[in-house]
Structures are given as structure tokens and as C-alpha cells.
Amino acid sequence: MSDHYAVKMKSIKDYNNRPKADNPVKIQDLTLRDGHQSLFATRGRTEDMIPVAEMMDEIGFWGVEVWGGATFDTMHRFLNEDPWERLRTLKRYFKKTPFSMLLRGQNVVGYRNYADDVAKAFVEQATENGMDIFRTFDALNDFRNFETVVAAIKSCQKHFQGCICYSLTEPRMGGDVYNLKYYLDKARDLETMGADSICIKDMAGIMAPYDAFELIKALKDATPIPIHLHSHFTSGMAPMTHLKAIEAGVDIIDTCMTSYAYRTSHPAVEPLVMTLVGTNRDTGFDIRKLAKINDVLEKEVLPKYKHLLDDSKVSIIDINVLLHQTPGGMLSNLVNQLREMDALDRIDEVYKELPKVRKDLGQIPLVTPTSQIVGIQTVNNVLFDTEDEKYKMITGQVKDLCYGLYGKTAVPINPELQAKALHCYERGEDPITCRPGEVLEPELEKSRKELQGLTSNIEDIILYTLYPVTGKKFLSYKYGKETPPDSMRPRTLDDVKKEQALIAKAKAGKLVEKKEVPVPEMGSHTRTFNVLVDDEYFEVKVDEPGGQPIITHSVPQQVTPAVRAVSPQQVSPPSRVMAAPAAPVAQPASAPPSKPLTPKPSEPTGDVCEPTGTQLLAPMPGMIVSYNYNVGDRVGKGQPVLILEAMKMENALPAPVSGVIRAINFKSGDSVPKNAVLCVIG
Ligand code: CO
């Protein structure tokens, strides 16, 4: 690095004509995937990527990451966007820069291992739509989970980037699991598999600068394959880590455009470009072009997303990550989960329990999906375990992990927990030791049959296989069978302006609270008038209940989104659902119900008949995956009645008593609040 060029840069003209470096650091941009995934809950829309796409194509990035990770999930689930379509659209604007995606090996872009036919078809279809670089990782660093996708990537003649998830069990690299030898061995395995490049994936931002130097130097000595570093900013170390990695000879670095950088995202590209100017690792990038892109993002795009930024803290660095070595996203998930369950005061217990659960589960790295698996199991333990029973509510995913369905853990799983988890497990009580893909039955044909009549498109079939419940919903929107809810509508700059005006008005004390006047029943002779006052237009309904006409109801026509009333379909639970007070799982229906969840005083309640029996209550907010029984079926105490998905983990809820199912209050795909009555057994 001491090897500076003798360029005297007195003006921007000199800067522009600076000589090319001997060994420029290559840069991959993550703005359009990890950037908005880290900062804005992956809510970035394709239409907001287009304004900068062509400009970004001009920078000279080694690759642009545009897909994978959570994008596939979020797009169809929340944005009503077809994930495949994003690739095709962006490819029209990026003509030079290769596309990169994050692929979870045999997990593809989901949260469990899928069968080989799914993994293979996914890679082929992604290639078909323009994917060039497949950054492949496995949450357990079990590279047997790469075999199927790597064969597909190679046969499509695309770039296979093998990832090693960077993990620690103590504050710095070392110890008996995640030490230098561990990473070098993994790198050699990837070389043997034919990796075109190797990425160290520091998803939690816990790689310390001097550990990076040691690790990258050792990797460069051990293998001729290009080394790529992915380090999140979360703890604040990443810019220093980058610089030390560059000094150690790293080939490629991941960054984001400034406005999508820092916090739990990545370091920004611009400071790095300036840092390296005139050195033998100079990127050669034009910082003025980068500035122009940021200008567009700041003015035209970010105002629509700013409300999603976690502004609960002023600090942009998460000290907890340094203390707990867990990914920032995982910690915020835990906090949200506890908050929803009114148990935020137990966060310290969760921090204490987490390393224990991780150790019991084989000291696995914490990255999607293992971060969720360990995190949610920890929350379950803290909330539901008793003095005499540990691991009282084991999630379906922990059972799968104990069976070996995710692969081989770094150290063996606690045998006691493993035996408990596999008691009556559907696939068998003896865990497997082979590659998980070997025991998984092909899945695509089954999906194809289930979608018959709706679609036969392979992209739809893959999407549905990866996400059966939300995927089906999306496809019903896509093919016009159902209307997507208003909440899926994109936010426009106009919406933002209206909201800002409203906030400004409120701050100035000019926002007068609207008086709540009870609306009486409208008679059959109601007449509607259009009334214009100055430039404000009102629709006035006039009803004559028996005497003189009186005005009973006025609706201003310009309703801003911030004050829009909740529409009936947003209040999903049926009115007969009662929120019970404290008891977490079951409670006899005879107990006095507390306040209804949908208070609609005007609604007649006489026709709702409460079946008697024992209620099975939702122990946590979540989404119904499926019921195992129908009304009228008999269940035995302890048998799993239904699957509730919470924080993407599936929980089989057991029957609190033996009896006949008297009522089932929800259906697959419904969101339920905590304590919702899921069914009644009597
Ligand atoms: Co990342």
C-alpha cells in the first residue's frame, strides 16, 4: 500500500485522468439487494431501482447484487411483485455489469432444504432470466448442500462463488471451532468443488480488522482463487476491516451507495474510492458519477422508504453485536417478537439463553435460516419452559435440524435435546448422516398438480413450491382471482408529500382533532348531496328519521393515507374471536371473555354462537399454515392440531385436551394475533 503513484492531483481533471492501478480492488455493489434488505426490510420496489440502473451500469462494478436473500420472499409476500420479473426488467438497464444473487444452497431462497429438482430448476430459471454470479452459502457451512446447485450453475456455465459463513464463539477469531484452520479447510473444500471465487460472509459484522488481515493473507497464500469479502457495518468495524483486508490482498469488496450504507448495511463505496485513490489498489471509479446516483436516490427514491428506517436509536452502531456476536437483524427480530408478545422485559434472559441454545444445537453459525431457528427457539424457551421441563415448545425447524435435514452441525447436537425433538418425529427417530437432499422426495410435480387450472408456468411452480401459502396468495392476485389489499400498493412521492404536509400542520398546532360523533342508523330515504365549500368538496348525506331532514354524516373527499380508516379486510380475525387474558396456550371457554378484538358496537352479535369447550389460543402472533383436522374430528390430548408460523418458524400446536373439534376459526394464510382462539375442542 505504500506503493503510491506520483500523481499530483491539483484539480478534478488530474483526478479524472489518474493512471490505472496495478491491482485495483474490485467492487460489488449491494444497494439493490442487501442494502435495502438491511435498512428497509427488503421493501425496495423494482420501479425505484430503474432510475439509477443505467447510471450504476456505467461505474465499473465487478457485479451488482440484485436478487436472492429475502427479496424473493418479500416481493411476492408484501409488494405484490413477481420476483422473476424484477430480473428481466433490470437486465434491460444493466447491459454491462454482471448480475449477482445470494443463493442459500439447498435452501434456495427459502428457509428449509428443498428437494434436488427444486434447487436445480431454480438455478436454471434464474440463469434464464439473466443471473450471472451465484453467491452460494449454507447456514451450517455444510458444502454437501452445494452439490446440486453447483452442478446446475456449472452446467449453465455461470460463476459459482462459494461462501464461508464467518462465525465466532468468542469475541475474536480462534477457539476450538471457528479458528483459522476451520476457514482454511473450508476454502480448500470450495476449491475442490470448483469455486470460481470464494467469499467470506461476515453477516453479523463481527470480523475484527486484524483478524481480517490474518485470515485474508492466509487464504491468499493457500489458494489462487479470488477472495471476496462481505462484511456488514453493524458493529462499526467494517470500514477498518475492509482496509486491512485490502492490505492483505483481498480481491473483491462489497459496498453500498452512501444512502443505502451503514447501520446494519455495508460501508459506503465513496469513502473507499477516495481512500484508495493514487494507490496500487485504486478502484479507478469516478466519484462524481457516484455522487450523481446518490443524488437521484436521495431525492426521488429514499423519501418513500425513510419511514422504514429503524430510528428508535440515534446511534448507527449496534454495540450488542460486539457483545453477543449475533447478526443485527436477528437481534431486532427477537426484540420485535418479544414486543409482540408483551415480553420485552425478558430480553436479557433471551441474550443469556441464546448461546446455550446455539451450543445445544451444534454451535452452528447464525445466518438465515439458522439465526431464526436459534432465535425463535430461544424465545420459546424463555417464554414457555418450566422448572421441570426444558425445550417445552420445540419448533418444527429445530426438529428438522436435529434430524439432520439442514446438514451437519459444527459440533454434535446435545443428544438429550435431539432425542426429545425426534420423539414421534414424522420422518423417524434416528437422525440421518447423509446429504439432506438425498432423503427429500421431488417436489415440483406435486406443486404442478396443485396449481392445475391456475398456472403451468415453471416460475410460478417454483415460487409456489418455495412459499406454498403466500405463494398461492400471490398467484391468485397475479391471475386476477383475488384483489390484492391496499397495503401492497406502492407508496408514491405524492403520498409522502401529503404526509409531510400533515406532519408540518400537526407540529404547527394547526391540526384540529376531529370530534367523534356517533353515526345513527341511516333510513331508506337517505339522500346524497354534493357540497362545495371554498375549494373543499364534501359529500353530504341527508336522512329524515321521522321529522325534519337533518345532516348526519359528512365525508371529506380528500382522505390522506395517514388518516385513512382501517378497511374491514385489514381486521382479519372474525368477530367471535376473543382475546383471553394471561393463559398462554389453553383456557376453558367458560371463563369470562375479555374485550373482543374487533370492537364494532353497531354490529349485531346475536347470531354468533360460541361453541363450548376448551379453546386453543395462539401462544404468539403468527400466520396459520394448516389445520390437521376438520370440525367434528376427534383429537387426543397432545396431538398437533395445527401449524402456526411465527417469525418464519413453524410451531405445531398440541391439543390441550382430548375431544371433538367444535370450531375452527381461521384458515390457511390467515394472520392471527396472540391469544386468538384458533379452535375449540369439547
Ligand atoms: Co449480507
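This is a predicted model: local features need pLDDT of at least 70, side-chain atom pairs count only at pLDDT 80 or more; totals for chains, interfaces and linings use all residues.
The buried residues of helix H2 are Thr31, Leu32, Arg33, Asp34, Gly35, His36, Ser38 and Leu39, where buried means under 20% relative accessible area, exposed over 50% and partly exposed in between, with a 1.4 Å probe and protein chains only. Helices here are DSSP runs of H or I with at least four residues, numbered from the N terminus. Because eight of the nine residues of H2, residues 31-39, are buried, this helix is largely enclosed by the rest of the structure. After H2 comes Ala41, with a positive phi near 50°.

Residues are numbered from 1 along each chain as its sequence is written, and side-chain values use heavy atoms, leaving out hydrogens and water.

Asp34 leads us to the cobalt ion. Its protein donors are Asp34 (OD), His230 (NE2) and His232 (NE2), at 2.0 to 2.2 Å; donors are N, O and S atoms within 2.8 Å of the metal (3.2 Å for Na, K and Ca), and sites may look incomplete since water is not among the atoms. The sequence spacing of the donor residues is D-x195-H-x1-H. Both His230 and His232 are buried.

Helix H8 (residues 180-192) packs against helix H9 (residues 209-222) at an angle of about 35°, their axes 10 Å apart; axes are lines fitted to C-alpha atoms over the stretch in contact, and angles run from 0 to 180 degrees between N-to-C directions.

Technical notes: Helices (H or I, at least four residues) and strands (E, at least two) are DSSP runs, numbered from the N terminus.
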